[in-house]
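Here are my comments on the two-chain model you asked me to read.

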Amino acid sequence: MTETTPELLKRFIEGDASAFADLVERFQKRVYYLAFQMLGNHLDADEVVQESFVRIYKRRKDLAGVTNFPSFLTRVATNYSIDLLRKRKGHSQMLDDSDSLPGEVQVELSRKVRTPDVQFRNKVLMEEIRRALATLPPRQKITALLHDVEGYTKSEIADILGCPEATVRSNLHIARKKLKKILEKRLADKE
Amino acid sequence: MTCPYTRSLLEDYVDKELSSAEADAVAMHLTTCDACRADYEATVKLKGLLSRRAVPDPHPEYWKEVSSLILARTVESAPFEATDRPFDRVRSSERASFVKSLISVAASLGIFIAAISFGSFGDKAVSTTSTLMEPQVLSTSALVASAHADANTETPLANRERVSEAMLLLGPPGLLGRFPEMATALGIE
């Protein structure tokens, strides 16, 4: 019979190392995908996965009061991602600048790489969204991703980010407004 | 319902967080207002685009590798122990606190000895205050007077006491002065 997360957590707090290994196995994918959404590359996502679990391990004595472990883990991963986003801000801006290619070059590239049309268009679209998201401040970006991609409610996000729900609401509104402005043409597309 | 009011509820409408009455009112307004409907459609589309963002799967072996790395890092940083000691750091901090207490005990002992040593000078200064005020009288005139008295008459008791006080000043200072046995043992008379 599969153990529930609270049972695993209890064993982990009591000092059972195998329970920690089970928690890692159970939640590492969730942390990786969330971190990848926020940071946009494998190396950073990998760093977030490792660091989040190591931090949790080190703070295991404080976990006794944790009622919702996935939410707690998301909070740890999100906070570390925000730190990384702030640290990498200059670097990612530089990458974005060098990545920006004029439309005709992209079309030319699509011919050379022989990617099917739809697949290529999707790739370009995703790249546009990634760049639009990269322009947002860390907290707005993470709020938008947690809400619209991961499906967390505003009150859950408030809990994860440690801020009032009104702040989440405001950050989400501002993030969407900026994204709509950047992706105006794409959003007006009737396709 | 006005446009500004509809716009203020639009995101909650998209997120399905409005009461049914409010949702009906927004829906009604959207059927009649092109600008608000365009905004609504853009919000819905944006949400759809964001949720479609795909994360490329890492290599299948990655999950095993990252698990092993995490476990190795945690074992290095703080292995589990049967005695409920979460970290090695606890041991080193215990060692550090033991050394600190040892140093503080040694320092206290040093201060105590120094206090005794200085205290012996202090005592003398207090006990001989009256004589120290007139050092010449103590060291020379008192002795000369008592010697002269010895030669001629019987020494009065008060004079003898003054002489013995004066002799104390000539004896070894500090601890040796305070503990004459120690002075004797060291051969200092």
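1. Is Phe69(A) buried, exposed or partly exposed? With 18 other C-beta atoms within 10 Å, Phe69(A) is partly exposed; a residue is called buried if 20 or more other C-beta atoms lie within 10 Å of its own, exposed if 12 or fewer, and partly exposed in between, with C-beta atoms placed from the backbone. Phe69(A) belongs to helix 4 (residues 69-99) of chain A, where helices (H or I, at least four residues) and strands (E, at least two) are DSSP runs, numbered from the N terminus. Once neighbours within four places in sequence are left aside, the contacts of Phe69(A) are with Thr5(A) and Leu9(A), two residues being in contact if their C-beta atoms, placed from the backbone, lie within 7 Å. The C-alpha atoms of Phe69(A) and Leu9(A) are separated by 7.7 Å, although the two residues are 60 apart along the chain.

2. On the basis of these comments: this is a predicted model, in which local features need pLDDT of at least 70 and side-chain atom pairs count only at pLDDT 80 or more, while totals for chains, interfaces and linings use all residues. Residues are numbered from 1 along each chain as its sequence is written, and chains are lettered from A and ligands numbered from 1 in the order in which they are written.

3. Of the 191 residues of chain A, 30% count as buried, whereas the figure for the 189 residues of chain B is 10%. In chain A, residues 24 or more positions apart account for 64% of the contacts with a separation of 6 or more; in chain B, among contacts between residues at least 6 apart in sequence, 47% join residues at least 24 apart.

4. Helix 1 (residues 5-13) of chain A packs against helix 2 of chain A at an angle of about 140°, with the axes 7 Å apart; axes here are lines fitted to C-alpha atoms, for helices over the stretch in contact, and angles run from 0 to 180 degrees between N-to-C directions. That makes helix 1 of chain A oblique to helix 2 of chain A, since angles under 35 degrees count as roughly parallel, over 145 as roughly antiparallel, 65 to 115 as roughly perpendicular and the rest as oblique. The crossing of these two helices of chain A is left-handed, a term used if the near helix is turned anticlockwise from the far one by less than a right angle, with right-handed used if clockwise. Leu8(A), Arg11(A) and Phe12(A) of helix 1 of chain A make the contact with Ala19(A), Phe20(A), Asp22(A) and Leu23(A) of helix 2 of chain A.

5. In chain B, the axes of helix 1 (residues 3-14) and helix 3 (residues 34-51) come within 10 Å and cross at roughly 20°, and these two helices of chain B are therefore roughly parallel to each other. Helix 1 of chain B passes helix 3 of chain B in a right-handed crossing. The residues that meet include Leu10(B) and Val14(B) in helix 1 of chain B, and Cys36(B) and Tyr40(B) in helix 3 of chain B.

6. The largest nonpolar core has 45 residues, a nonpolar core being a set of buried Ala, Val, Leu, Ile, Met, Phe, Trp, Tyr and Cys residues joined through C-beta atoms within 7 Å. Val31(A), Ala35(A), Val48(A) and Val49(A) have the most contacts inside this core, and helix 2 of chain A gives the most to it, with 11 residues. A second, separate core of six residues includes Leu10(B), Val14(B), Cys36(B) and Tyr40(B).

7. At the interface, 30 residues of chain A are in contact with 25 residues of chain B. The largest share of the side of chain A that touches chain B, nine residues, comes from helix 2 of chain A.

8. Lys16(B) deserves a check of its backbone: Lys16(B) has a positive phi of about 60° although it is not a glycine. Lys16(B) is found in the loop between helix 1 and helix 2 (20-32) of chain B, and with 7 C-beta neighbours inside 10 Å, Lys16(B) counts as exposed.
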